[in-house]
Amino acid sequence: MRPSALMASLYPPAVRERWGAEISSQVSESGIRSWPDALLGAGRLWLHPSDWPETTDGQTRQVLAVALFAVIAAAALLVRAANQPVALTASLRHPATSLWLAPILLGAGLAAPAPPLRWRALRGLATVAARTLSGPAVAVAVMIMTARAGVLPHPVGHARIGLIAGYWAVLSFTALRLCTLITRYARTARLPTTRRLRSAAMLIGAGLSLAAGQCLVPLIWTVPGAGSPALALAYSLLAAVTITAAHDLRQP
Amino acid sequence: MHSADAQMLVLTVLADGPRHGYAINTAIEELTGRKLGPGSLYGALSRLEARKLARPADTAGEAAGRHRTMQITDAGRAVLRAELEQMARVSQAGLRALGTTPA
């Protein structure tokens, strides 16, 4: 993909549909000096959903619902990447250190499009889910079978790098397909209201802030291996983005 | 550039007639001496359309397919007039304070 097309692809869908070709063309003409403005412009628009024009009714809400699930997927991948510090868990056996998940799950529940209560629609939804998630299901099954087969009990060098890369490719692919499922599901389901999405974004932002705090507290108390400054920074950024977008939805 | 400034510039140019992105930027360059970056220009157009201060012009033919021509709405004209009148008041007060007679 050319850099100019990549820049245009970073804009929210409604903007891309209208001016994607023109943005790409202007970035291509102006060269590298236009990149900072193009990137800042895309970032500013993502932080202000009330600035998106709508091609179809509910388009902004649809994109926001998917974006919130993408944030949750990113948060899940991040906690895995940091090798789960002791202060941040995702398990019922450690309720105190898993507290950050509560507002995030509540937010996910609010952001989820309401399931249609008709047999035909539910059957259609199940078909879409099976089609969308069959790829990740196969990938996860292959990964588990490979691990259990014990073909490479102590991989080293290129084999180790390949296995780690494969593991992350499967996790990222699964996260991406889950977001695709929400996108496809949102086309037919009843979308949450703007008010509900705002509450969802605030809750998810609060959960991410809590996670960032949980990563930092052990560092302040100098507990080795319990916290993670990089993870705290990543969660803080995600929280700031989510809360800013939620705040923007308060605009009339 | 501040997003509100970019929106005012785009509205000012559109008040003169419907234009597409490139033409808007060329007119802004004639007016201010420099073009807006793509993020500032299309961000401003998005905000203006979302707030119903600008809308796509009813154009037909080849040009309409390639570029999206935009035009100012009545609400856009009202907002632009109010902003320009306020800026004119500030400008006159500033020039008076400097001892310069406003043109």
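Predicted model: local features only at pLDDT ≥ 70, side-chain atom pairs only at ≥ 80, totals over all residues.
Residues are numbered from 1 along each chain as its sequence is written, and chains are lettered from A in the order in which they are written.

On confidence, the predictor gives the complex an ipTM of 0.84 and a pTM of 0.84.

Chain A is helical: 9 helices and 0 strands, taken as DSSP runs numbered from the N terminus (H or I, at least four residues, for helices; E, at least two, for strands). Its C-alpha trace spans about 50 × 50 × 40 Å along the principal axes. An automatic or database domain assignment sets the bounds, giving domain 1 (1-47), domain 2 (59-114 + 190-252) and domain 3 (119-184) in chain A. The C-alpha centres of domain 2 and domain 3 of chain A lie 23 Å apart. Where these two meet, 7 residues of domain 2 of chain A are in contact (C-beta atoms, placed from the backbone, within 7 Å) with 7 residues of domain 3 of chain A.

Now for the partner. Here 20 residues of chain A are in contact with 15 residues of chain B. On chain A's side, α2 (13-30) and α3 (35-47) are the elements giving two or more residues, and α3(A) gives the most, with 8 residues.

What about the inside? Of chain A's 252 residues, 33% count as buried, that is, with 20 or more other C-beta atoms, placed from the backbone, within 10 Å of their own. A nonpolar core is a set of buried Ala, Val, Leu, Ile, Met, Phe, Trp, Tyr and Cys residues joined through C-beta atoms within 7 Å. The largest one has 42 residues, and Ala65(A), Leu68(A), Ala201(A), Ile204(A) and Tyr235(A) touch the most other members. Several helices of chain A each supply at least two residues of this core, including α4 (59-81) and α9 (229-248), but the largest share, 11 residues, comes from α8(A). Leaving aside residues up to four places away in sequence, Ala201(A) touches Leu68(A), Thr242(A), Ala245(A), Ala246(A) and Leu249(A). A second, separate core of 32 residues includes Met7(A), Ala8(A), Tyr11(A) and Leu48(B).

Methods
Buried ≥ 20, exposed ≤ 12 C-beta atoms within 10 Å, placed from the backbone.
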